[in-house]
Amino acid sequence: MFIIVFVALVLAGLLGGLVYLWDFSRASRRDALFLPAQDGRARRARRVTGMYVRDYRTDDELVG
């Protein structure tokens with residue numbers, strides 16, 4: 001009985017990891033890193049990879 005519960009927990013963990021990886025890949029596919037993040041999924045993908053930094057420049061500097 002203990003083995004069945006352990007295997008079920010491991011499978012649930014693997015499935016959760018695959019779902020998170022799929023969501024991460026969908027969010028970061030078309031994310032232009034030089035622009036502000038479009039939505040929460042893109043922000044989360046940037047945070048996970050360590051690319052998320054707050055923009056310290058003002059709008060005047062971004063225009064050109």
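## Burial and overall fold

A residue is called buried when its relative accessible area is under 20%, exposed when over 50%, and partly exposed in between, with a 1.4 Å probe and protein chains only. By this rule, 11% of the 64 residues of the protein count as buried. This is a predicted model, in which local features need pLDDT of at least 70 and side-chain atom pairs count only at pLDDT 80 or more, while totals for chains, interfaces and linings use all residues. Residues are numbered from 1 along each chain as its sequence is written, and side-chain values use heavy atoms, with hydrogens and water left out.

The protein has 3 helices and 0 strands, taken as DSSP runs (H or I of at least four residues for helices, E of at least two for strands) and numbered from the N terminus.

F2, I3, F6, V7, V10, L11 and L14 make a nonpolar surface patch of about 760 Å². Residues of a patch have over 30% relative accessible area and no salt bridge, and nonpolar side chains (Val, Leu, Ile, Met, Phe, Trp, Tyr) are joined within 5 Å, like charges within 9 Å; a salt bridge is a side-chain nitrogen of Lys or Arg within 4 Å of a carboxyl oxygen of Asp or Glu.

## The lining of the largest cavity

The residues that line the largest cavity are Y20, D23, F24, A27, R41, R44 and A45. Helices α1 and α2 (40-49) each supply at least two residues of this lining, and α1 gives the largest share, 4 residues. Lining residues have an atom within 4 Å of a point of the cavity, which is a set of points on a 1 Å grid over the protein atoms alone where a 1.4 Å probe fits but cannot get out.

Note on methods. Areas by Shrake-Rupley, 256 points an atom, 1.4 Å probe, with all protein chains shown as cover. 1 Å grid on protein atoms, 1.4 Å probe; cavity = no way out; pocket = protein on both sides within 12 Å on 5 of 7 lines; lining within 4 Å.
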